[in-house]
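Visitor: Please give me a close look at one part of this model, with the cut-offs behind each term, and then show me some of the other contacts.

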Amino acid sequence: MIYLFSFLLMALIGVIALIVNTFLKCRLSEEKIVASVILASVVLFFSGLVFGFKSISVQLVSSIDFSFSLQLNGFSLPFMLIAVVVPAAVLWTAHKEIKQNKTLFYIFYLLAYASLISVFISYNLILLFIFWEAAVLSLFFIIAFWGDQKTRKGASIKFLVFTQLSSLTLLAVFILFFSYTGSFNLGVIQQLSALIPIGIQYIILSLLLVTVLIKMPLFPLHAWLPDAYTSAPTSGTILLSSLLSKMGGFALIIFGFEMIPSAMSGAQPFLIAIGLLTVIYISIVATAQRDLKRLFSYSSMIYMALIFIGISSLTTFGVDGAVLLIVSHSFIIALLFILSAELYDRTGTYDMSKMGGLASKMPVLSFFFVFSVLAVMGVPGLSNFVGELLVFLGAYSVLPISLIGLIGVIISTNYYLKAIKSTLFGQIRATFSKLGDVSRLDTLQLLLLSAFVVLAGVLPGLILSLVGATI
Amino acid sequence: MIYLIVIPMLLAVLLIPFVSGKKSFLISSVAAAISLALSSFFFFEYFNRPAIESVTWFTSGSIKFTLSMSASNLTLFMAILVSFISLLVLVFSNFYMRDEPQRRYYSEMSLFIFSMLGLVLSNSLLLFYVFWELVGVTSYLLIGFWYGREAPASAGKKALLLTRIGDIAFFAALVVLFVTLRTFSISTILADVSAIGPATLSIVASLLFIAVISKSAQFPFYTWLVDAMEGPTPVSALLHSATMVAAGAFLLVLMLPLFIEAGFGIVILSFGFFTAFLAALLALKEVHLKRILAYSTIESLSFMFIAAATANAGGAIFYLFTHAIFKSLLFFIAGALMVLFGSYDIYKLKSSKKNKGWLFVPAIIGFSSIAGLPPFMSFFAHLGVSANFTLADSLIFLLLSFLTALFSFRALFVAFGKGSGPRPIKNMYAYIPIIILSAISILGGVLLFYFSGVILINYSFDAFSVISVIASLLGVYVAFELFSRSRLPSAVSRSKAASVNLSKYGWDKIITAFGGSFMLFAVWIGRVDDAFIRLFSRLGEGFISLASASRAIENGDATAYVAAVLLGLVIIIAVAVVFV
């Protein structure tokens, strides 16, 4: 049995080690410390999958029902999978790009790592909120301190304002739950949530929507996303896009789908409409982008919207599809951002019209690039496909018009293929003729993430079997 | 056990990246040979004893998503055809691609063959879709194989983009069908077609029809296939004969009962005739040999559509079989000419004044097959296509036969103009496939009479067959007069000028213009979004200036901060207590 708090413990040890390392001027590199912590967590997680996890609950303040309780909640495992594994792969990217204030960076990195994992296993809402905030703030600092010199200030402030608003509404949701059920315990709330008056449920839903629409994000509350994603250092962008955005999906599943299904079903056409609008609107906006990183930032919202639609369908298909998409998108978007950073490192630009013909100089990178783009397009055999299928099955069965979302998928094909063509294909520029391919360790990193994409694509049952596991 | 047929190709895909040079050719062709042997074995094993094998892919809720393969006369016959043509194409590749430095060629070809084999064996529409998309994606990679030039890169993108419209339509059809019938099994769906409501049925049929015409490059999607000629010639040979475009026709044949139930017979028929005319006319003005063949493929696929629309699925399949043989033969010839003369332009080939050697003989066989002349196999295939024709269909078909013969023999007479001096090809990888395919094209016709024992087929040998051969011969004669003896050169040039006007580029331009205007629209929406984002930034900056204005509060006094935090907390709690 693996104790769920061991992830926190590992991170704590890591942070202490980092501080000691700096103050005692040991010669250990920060990356090695963080790598060993994360590696240990990965091992812990997979042994937990085999041997089971052990929950913990310690009452801290009984009057407001604040307890340190960690427990799997049925949807924890798939989210944990991405929260544990993706940062492990991203570490290599961080190592390559972060050269200043490494100790501080990796402290934030570990903080974000531990709090992201803990958000998904907190069984007490106050505890969950603390981790939620810790994750958001560590990411804020990563953008603000290590982001792109010119734009980081504006982008990070905007990010902070938006996410704080979303945290505020989430807190309001928690308080409302508490006042109507008298508990912050997830299990208790879930049992009693049916008793919440329907009017209050709608209020909860609207507050929750603000949180979710900002966090995922969806139209029209996505204004923070392009700037934050593009100004953050690549490792930060990946944490944002592949993990932080999934907290929105998590919140919608746990506090919407599980707690207030009747309000959700009342608002269902509206919810699905938001998702569809986002899919189509964003696919058009993404078409106009020439900057590779911005293109991937925008296009990742399409999958967020599909996840949103899947959950809003309130069907088993839809929710299963959403979970699959959540897991799959985390790996794929990480690949896409890593690859665009590799291209940037070599060419010095994110502007696609200034690249071209790179496939002849970097066959390995090109292979992974094409692979990732095909994966994100939903080619069967790779992870996005089954998720999309299930989402649309769920959505169609409750609202047939949902199929118009597929128009967005067709539009997205166009810009994805354009991205491949204008970066990799065609005549190579003379200035790029001496560029080299990715290194062996880069390949290993890409291979690791790709392996998950193939595995989840060929055997989606593995991911789906993680759903529903509690202690 | 049926899945064993696809396994060798999959192994080839996985193995090839780890070997070097010549070995990749060996691995892929041995894999194709094993697939061929296995499909033949299973063909006899399961002959007239259809079987279905299924496996659960994953479970969502209580619903199982099963993948199933079916062994029937039709599917195993198709598997034999696909693996046989693939084997020959791989052999020919060893000649045509012998100096290719990129090592991914055989790997991608194997993936392509794997996907097509999987497709023809699928009994679950879900599995069919999986392979359908894989076929599309691999053909994208292969068409754009020489990515260094602009044309192949664009052609690949165009192919995938246009066929993906069909893919997504197929995806939508899958969703609708599954939600309606709770199954993906093709056999169950066809058995329950009557249980689907009329509105839903029309939607499904329309979506599937879009899928079919985009994959089979019918109007209005046909332009991708013509551009796809930028790919290596063996790829074209495979793409045009037994894979990719054949996948569309195969889906049409498989789901024919559904289309007929939805009343789509007349739609398919009209699309078929229209596309056939269009393709024949466009082929007449084209000077690029491979593009002429591409138009001919489009026309041949229309013939399959026409046969299917007249409720003669067997006729469509037999034509598909015949077409696969003679079209890959013609592409091999085109490839060999390219290697010899460095051009696909039929007028350049003519002016090269060199002897095309023995290639002339298979070329006659191939082009006569396009025209459907006896005694070649294609003539017998035409008997199948036209079996269920009404009088009106027959009359239109006569005109088509004439046009078809005209454009195919134009290509033959021009490209193989007079020459001198021997230029034989000595590479056996080139001539063995050509000889095998020529032999089948000559002798295969008799298979028609045994075919009904395998797959139900209607064919008729009657006065109409004779008349249609006469129409074709007339076309041959006109082509001979116009293009070989150069009678009426002014008429030729005038017809060329006229055809340029209604050329492919007309429709292609519309598609491009649509793409361009969409791009403009997208840029405009993008600006709106930027403005929207800036609005929020302004808002944020407003807050910041507000904050600076209130800097007095931030005096650095820690006790004041703590006091403020506590005060805030008290207010929140008070609010909560009062209102809740």
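**A helix and its neighbours**

Guide: Let's start with α8(A), whose buried residues pack against α6 (152-181), α10 (234-258) and α11 (261-266) of chain A. The model is predicted, so local features need pLDDT of at least 70 and side-chain atom pairs pLDDT 80 or more, while totals for chains, interfaces and linings use all residues. Residues are numbered from 1 along each chain as written, with chains lettered from A and ligands numbered from 1 in written order.

Helices (H or I, at least four residues) and strands (E, at least two) are DSSP runs numbered from the N terminus. Buried means 20 or more other C-beta atoms within 10 Å of a residue's own, with C-beta atoms placed from the backbone; contact means such C-beta atoms within 7 Å. Among the buried residues of α8(A) are A:Q201, A:I204, A:T211 and A:K215. The 18 residues of α8(A) (198-215) should span 26 Å at 1.5 Å a residue, which agrees with end C-alpha atoms 25 Å apart; the expected span is 1.5 Å times one less than the number of residues.

Elsewhere in chain A, α1 (6-23) and α4 (102-121) pack at about 175 degrees, axes 9 Å apart. They are therefore roughly antiparallel, a term for angles over 145 degrees. The contact includes A:F7 of α1(A) and A:Y106 of α4(A).

Between chains, 41 residues of chain B are in contact with 45 of chain A. On chain B's side, α6(B) gives the most, with 14 residues.

Conventions. Axes are lines fitted to C-alpha atoms, for helices over the stretch in contact, and angles run from 0 to 180 degrees between N-to-C directions. Angles under 35 degrees count as roughly parallel, over 145 as roughly antiparallel, 65 to 115 as roughly perpendicular and the rest as oblique. Two residues are in contact if their C-beta atoms, placed from the backbone, lie within 7 Å. A residue is buried if 20 or more other C-beta atoms lie within 10 Å of its own, exposed if 12 or fewer, and partly exposed in between; C-beta atoms are placed from the backbone.
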